[in-house]
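Dear colleague,

I am passing on the structure we spoke about, with the sequence alongside it. Please have both open while you read the notes that follow.

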Amino acid sequence: MSKLVYSSILVILLIVLLTSSIPVAETSIVIIDALGRRVELSETPKRVVSLAPAITQILGELELLGVIVGADSFSLEDWYLDISSRLRERGVVDVGGYWWSVINVEEILKLNPDVVLADSGAHRPLLETFESYNVQVIYLKAGSASGVNDVLSDIYTIGLVFNETSRAESLINKITSALDEGLKLLRPFSGRRVLIVIDFWQGIWVAGKATFIDDVLSRLGLVNAATTYGWSAVSVETVSKWSPDIIIVACSYATNETIREAGLYDLGKPVVVLNSTEIDIISRPGPLLALMPQVLYTALERGLGKPVETPAPTTLLTTTVTITETETITTTTVKGLETSQAVIITVIVALLAFLVGLVLGSKRRRS
């Protein structure tokens, strides 16, 4: 019997030694990208080309700037997370402007990337070119995002590609929490009709329905005055019919003269022109979504004036207009509860002491 046991142990040890020497293939990563393509990666990419600033910003938030070997011109000028300086210090190559027609494919080929991360709208015409050169490419919504969920999907997809899903989920939670807090911040302006103007090339370009800006406005309790779909050019007469409460201009080259020539000043509506940083925040569908509520609040305050506090109808406390005041009201309520709980606890302790006294007294009488 003992010989059988020893033999079994030797066989098991031999099997363990043999199997441990066999290399185990890494599990491949399968992604369904924004174009519905099935992309399979044999390993985590180490050399990446990013073709959109929104994509580069996600990589920055996930602490993945170190894998970038090439990037679009706008990413290389990005102030967010000091991306510009960090990429240039590493010698990241400029592969051209944002749109497909100005992307330098030859430069990308020289970099021999493991994967190219591209915009499903701006870079879709490059798909056949990439495939003809056997360049692995993953398309994301990026600048073509039609809502907040598209941005969150991009973040999670990039997290999957680089095995950083925990960081991706943390970033998603950060953005959704910021939008939830933004709804509270913008409550005094709830229902205001807002028009976002993004360009003045052959018309007044606005952010219409089915754009990520429209989705953000809705989530923050505001109303998009534009009734067109997508990014579209309209006339000043159309803007007048929409009757926005405020017009926010998010165009980098816009001047007072540009706005005057477009006829916006003639509508008698407040017009607020954003600075370059605010324009980046409001126009890039990526991690900057978390900063959009504050930019919109500041713009509305500049155009419509500071919100006025109004008394609540059923209490002496003022109506909440900021997050801080909400917390103050909550604290007041909690203090009231704590006082009641203290009284109840005191009564219970007194009753227990009384009962213990009775028990001890009865024992003494018996003895």
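I begin with a side chain that reaches a backbone atom: a polar atom of the side chain of Asp78 lies 3.0 Å from the backbone nitrogen of Tyr80, where a polar contact is a pair of N or O atoms within 3.5 Å, one of them, within protein, able to donate a hydrogen and the other to accept it, and residues adjacent in sequence count only if both atoms are side-chain atoms. Before going further, please note that this is a predicted model, in which local features need pLDDT of at least 70 and side-chain atom pairs count only at pLDDT 80 or more, whereas totals for chains, interfaces and linings use all residues. Residues are numbered from 1 along each chain as its sequence is written, and side-chain values use heavy atoms, with hydrogens and water left out.

Asp78 itself is in the loop that runs between strand E4 (68–71) and helix H3 (83–89), helices (H or I, at least four residues) and strands (E, at least two) being DSSP runs numbered from the N terminus. Asp78 counts as buried because its relative accessibility is 2%; buried means under 20% relative accessible area, exposed over 50%, and partly exposed in between, with a 1.4 Å probe and protein chains only. Not counting residues up to four places away in sequence, Asp78 touches Pro53, Gln57, Ile83, Ser84 and Arg284, contact meaning heavy atoms within 4.5 Å.

Two further residues of that loop deserve a look at their backbone. Most residues other than glycine have a negative phi. Leu81, in the loop between E4 and H3, has a positive phi near 55°, and Asp82, also placed in the loop between E4 and H3, has a positive phi near 55°. Leu81 is partly exposed, with a relative accessible area of 31%, and Asp82 is partly exposed as well, at 42%.

Next comes a pair of helices. The axes of helix H11 (residues 276–283) and helix H12 (residues 292–304) come within 9 Å and cross at roughly 125°, the axes being lines fitted to C-alpha atoms over the stretch in contact and the angles running from 0 to 180 degrees between N-to-C directions. H11 is therefore oblique to H12, since angles under 35 degrees count as roughly parallel, over 145 as roughly antiparallel, 65 to 115 as roughly perpendicular and the rest as oblique. On the H11 side the contact is made by Glu278, Ile281 and Ile282, and on the H12 side by Met292, Val295, Leu296 and Arg302.

Glu278, found in helix H11, is buried, with a relative accessible area of 12%. Leaving aside neighbours within four places in sequence, Glu278 is in contact with Val295 and Arg302, and its C-alpha atom is separated by 7.8 Å from that of Ala250, 28 residues apart along the chain.

Elsewhere, Thr157 sits in helix H6 (residues 148–161) and counts as buried at 14% relative accessibility. Leaving aside neighbours within four places in sequence, Thr157 is in contact with Ile31 and Leu140.

For the protein as a whole, the secondary structure comes to 13 helices and 13 strands, and buried residues make up 41% of the 367 residues. Of the contacts with a separation of 6 or more, 58% are accounted for by residues 24 or more positions apart.
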